[in-house]
Amino acid sequence: MSTVWERIGARGDVSARRARTYGLIFLGVGLLIFLLFARGATADQATTFVLTPSGESQALPVPDLSVPSLTVLYGFALVCVFVGGWQLARGFRRVNLALGGVAVLFVLAFLTWAARDRSMNLTGLLSSALLRSVPIALAGLSGVLCERCAVINIAIEGMMLTGAFIAALMGSVAANIWEWPSWAALLFGLASALAAGALLGLLLAVLAVRFKVDQIIAGTAINILAVGITSFLSARILAEFQYLNNPGIFPRFSIPLLSKIPIIGPVFFEQNGLVYALFVLLIVTHVMLFYTRWGLRTRAVGEHPRAADTLGINVFRTRYINVTLGGMVAGLGGAFLVLGSVGRFDELMTAGKGFIGLAAMIFGKWMPFGAFGAALIFGFADALQTKLAILEVPIASQFLLMAPYLVTMVVLAGVVGEAVPPAADGQPYEKQ
Amino acid sequence: MQPSPDELRVGLVTDVGRIDDGTFNQYAYEGMARAAQEHGLEAEVIQTRASAEYEGNIRRLIEQGCTLIVTIGSATGPAVERLAMRHPSVHFIVVDHEPLPESHNVTGLVFAEDQAGFLAGALAGLMTERGTVGFVGGVDVPPVRKFMGGFEHGLALTNRRARVVQAYTDSFTDPKAGEEAAGKLVEQGADVVFAAAGASGSAAIRAAARQGVWVVGVDQDEWVTTFEDGRVPGAERLLTSAVKRVDQAVYTAITQAVQGKLRGGVLRFDLTDGGVGLASYHAADAAIPSEVRGKILEVTEGLRTGRIRTRVGPRGEDLLEGFLPRLMAWNWQAALMPLLAIFTALIIGAIFIAAFDPEVWAAFGGGLKAGLATAWQSIAQAYTALFEGSFGSPARIIEGFRLYFQTEDATELLRAVYPLTESLRIATPYIFAGLAVALGFRCGLFNIGAEGQYFVGGLASVYVGYSLKGVPWFIHLPLALGAGMAGGAFWSAIAGFLKAKTGAHEVINTIMLNYIAYRLADYLLQVGGPMARPGDFRPVSPEIETTAYLPQFFPNDPSIRINAGLLVALAAVGVIHWLLFKTTVGFEIRAVGANPRAARTAGISVARNFILAMAISGGLAGLAGAHDILGVIHFMPNAFFSGYGFDSIALALLGKSHPVGVLLAALLFGFLRAGAQRMQGWAHVPIDIISVLQGLIIIFVAAPEVVRLLYRLRAPKVEAEAIFTRGWGRI
């Protein structure tokens, strides 16, 4: 019952040449697993994956998974080779899925090899990966909100930095000067960060919409401004008055029932409130963007502002609102860095997360959950790097630290397939 | 190399019309026919029926083997320029067209229409009785504007009180529109009508002449063409015609080509060589008083000798004479905007400094007046430190000079100008980095990764600097500089390549490459790392050999670190200016930057230029790193955060992506940064205030409307749109 189209699609959604490249990549990964990892392991070594998080947890205990390293590595290599052969011979219908599977196998093989003769807490790794991916996901979500209405927001980095600074400062002021209870101080810090983000978002919107400044340049200016202001004020205020840089952090709490699920429970449902806020935001944004009138209008403005204008949609207002919302989300990302993980502000603490978030947005094809998925990958690479330092893997840590950036570049280069931005992205709209 | 006459085949593509239609087409054809006959050339003619056919017609002639092609009218210009780039062995002659400076095989025949118009205007001014003369223009193109401008100024010369009324037909072919325009002008009181509108204009003067006003023809002697040697009614009202000798010009150009003397560029024809002028008076001869004739002869002579000037520019714009009017007409606002942007940023910076000074807060506790006084003091102290840190204390410099002249001891003087030299030293890498980003902008690329390229350039130059031993300086130093350039170029070419091949946006990629460069340096320089100094507990590279040092200006006083790098930077400004504006490479880069799609249509490889521009850009940023290594610190420390990445963007924007502008902006930033160091030391203002200033300057420069709003300036009429970046790299 296969139509012509399906048979063409059977070679993947890509050209024959590209399909062949994929096949060769899969074979290459299998070979790499064999050469790099399997030959480094001996038959008597075993790898133990701990599946219960360390410390307090509501999750049902799961026995540790202990596997013979060499056998598993050979198995992984064989699977990769088989997948590659299948791709070359028959072709996968959804080649990206196969690519993802092979990538996961490679990472698992790497872990199996790195933790041979030792044990590794897989749940802990995943949990830390999620935590590290939250600011990136929020940055990506901010990008989605802005770019869906065709405003490129390169200023996410600066908005996050400002959000982080304001969260630290205002949270500390509330907690240590006004002596509010800690939950109120944290919420106040959070609200201030949102307001700061909104303000910068509005600034970007004014520059991009009202003054039609090149959006990337406007964003860069905001970034520089944010770096300058936060570093200046940090040197002036936070360095001199230490108690103004101590807002505390949101406590972790477990969600009943859900947190009891093995592995997934402790990873996703034993986090602090800001992580749950991200989940809620993701769902809300996705529903709003694709199932409400507001979302339809936003997307129309992003794809064809002139047509949207003709239909009576206020293009300028839509952009003002969306970019301001995007600024708030970026501010939330900054607040998370302070109130959700570190507990204090440091100069330049965002360290490129805003830009990585943009890459996640592109990787995720301008979809909220896509951006989140991409952010998880970046977060995982980041978390892995710290874990490996503990495992004393004979790879210079600097190269592992490069990994997230390299992954970003590879992703952007479109190994995963062409990503199509909203059609009017980056263009100022001129009313006729 | 010009082909020899016997293999020269000449082709002619007419403007819309036929070769016997009494306009340029006919005259150009006659000129070509005469040249072809005299020199024994083969000639081909294609008559164009619609303006869409130009390119196809020219291409047909090329296919037929024509190596010299004449086209008529400025409308054919774009088609010719496009084809000229692809067919460098064919030479093109275009009537009424100023070729692009880059096309070496296009010759434009340009006439001094303003002189002919000027004579017509002078005559009209003498002949008008009602003091109103009319001008009928065709389409608003440079030749018509030049006729009009000359006409106006010529009229003003002989008749100060007369005024010009004008009408445009928006066509060179529509006779109806010409008649309507003539009717309108006569209604407005014009008693002399000059028409420069092709066939449309001919209809206009025919109609006007029938109504009994004086008329002046254009291009050819319209007595012969329009009035058919006087057979058409109203011919006696034709004063004369402002003639353009297209036939003669075409003949001259082809003759030059045959003699192998024809070059690309512009051939100008004016009164001196008889290329333009007034036709004879024919039937109106009797009606023109002899003193009028004498005056016209006088004006002609004046124009020919240059004693009288038409004051019309090559595009028909009014030229101003004298220093003061030119000064007043200069675009002050464009020059003022960056200054206002800097000024505004400094004001806001001052507020910022005062607002976050704990002392000021304390003083406000003691009353508003005390608070304001302290705020003022805080600002004054900060900016005084900024000034003295960047220029040096004027009193000390004067004292230094005094001592130098008295005792010939320069020590005190050198110490006094130390801040100045330091500013110039800091400005040097800024010049390189600013040029890097500016060059990217010119190609539509946003190189935000100057920082990483600076890093890699520094790594490469330090490696060459310490690993090569026993080499004379004149080999070692250029090698080390070259290594820095190559390192930076390689690093940015990665981003350029990815952009060209996959469309991955260079902004993200260059930032990612920055982080990778930090880690790379981290790895290479860590204690025990591949490039670490043996036996040192700090993560630094070995010292470079002295043969790789950039020589210092004051070798006796090593604390004055200004060095020959400044000269290299100035040379780079010149080279980049030359590259961008005088070479084909630069032209292609700018073409891709202005409109990649159009550039691709014109046969320019967008991908190649992306990679090339990115590589040059990175090479410049790498030179900035090489300067700091070879000229200042002489080794590579690990923690080497420079901030050039963002600074250089501000520089390029402030300098409007022009090399000279970037140089000025870099000097400004050098002075600011040098001053800020002093400000931090003396006035305890964190050096990050510079970033605040830079961010504000970028905003104000990128959004001039904001500055205009602040200072209630009016918007200029035309503002060239600067294109810097475009979206996520889709072309």
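Here is a friendly conversation about a predicted model with chains A and B.

Biologist: Before we start, which features of this predicted model can be discussed, and how are its parts numbered?

Modeller: Residues count from 1 along each chain as its sequence is written, while chains are lettered from A and ligands numbered from 1 in the order in which they are written. Since this is a predicted model, side-chain atom pairs count only at pLDDT 80 or more, totals for chains, interfaces and linings use all residues, and local features need pLDDT of at least 70.

Biologist: How many helices and strands does chain A have?

Modeller: Helices (H or I, at least four residues) and strands (E, at least two) are DSSP runs, numbered from the N terminus. Counted that way, chain A has 16 helices and 5 strands.

Biologist: What share of the residues in chain A is buried?

Modeller: A residue is buried if 20 or more other C-beta atoms, placed from the backbone, lie within 10 Å of its own; it is exposed if 12 or fewer do, and partly exposed in between. Of the 432 residues in chain A, the buried ones make up 51%.

Biologist: How far apart are the centres of the two domains of chain A, domain 1 and domain 2?

Modeller: The domain bounds come from an automatic or database domain assignment. It divides chain A into domain 1 (4-117) and domain 2 (124-412). Taken over C-alpha atoms, their centres lie apart by 31 Å.

Biologist: Where is the kink in helix 5 of chain A?

Modeller: Helix 5 covers residues 122-147, and its 26 residues should span 38 Å at 1.5 Å a residue; the end C-alpha atoms are 35 Å apart, which agrees. That expected span is 1.5 Å times one less than the number of residues. The bend at a residue is the angle between axes fitted to the seven residues ending there and the seven starting there. In helix 5 of chain A the kink is about 35° and lies shortly before the proline Pro135(A), at Val134(A).

Biologist: Is helix 5 of chain A largely enclosed or open, and how many of its residues are buried?

Modeller: Helix 5 of chain A is largely enclosed by the rest of the structure. The reason is the number of its 26 residues that are buried, which is 24.

Biologist: Which proline follows the bend in helix 16 of chain A?

Modeller: Helix 16 (residues 397-412) reaches 24 Å from its first C-alpha to its last, close to the 22 Å expected for its 16 residues. Its buried residues include Leu401(A), Met402(A) and Tyr405(A). The helix bends by about 40° at Ala403(A), and within four residues comes the proline Pro404(A).

Biologist: Turning to chain B, what are the spans of its C-alpha trace along the principal axes?

Modeller: Chain B comes to 26 helices and 12 strands. Buried residues make up 53% of its 731 residues. Along the principal axes, its C-alpha trace spans about 105 × 70 × 55 Å.

Biologist: Is Ala181(B) buried or exposed?

Modeller: Ala181(B) is found in helix 6 (residues 175-187) of chain B. Leaving out residues up to four places away in sequence, Ala181(B) touches Val136(B), Ala167(B), Thr169(B) and Ala204(B). With 30 other C-beta atoms within 10 Å, Ala181(B) is buried.

Biologist: And which residues does Ile62(B) contact beyond its neighbours within four places in sequence?

Modeller: Ile62(B) sits in helix 2 (residues 54-63) of chain B, and counts as partly exposed because it has 18 C-beta neighbours inside 10 Å. Two residues are in contact if their C-beta atoms, placed from the backbone, lie within 7 Å. For Ile62(B), the contacts are His87(B) and Val90(B).

Biologist: Where the chains meet, which helix of chain B gives the most residues to the side that touches chain A?

Modeller: In this interface, 39 residues of chain B are in contact with 40 residues of chain A. Elements giving two or more residues to the chain B side include helix 17 (473-502) and helix 18 (506-525). The most, 10 residues, come from helix 18 of chain B.
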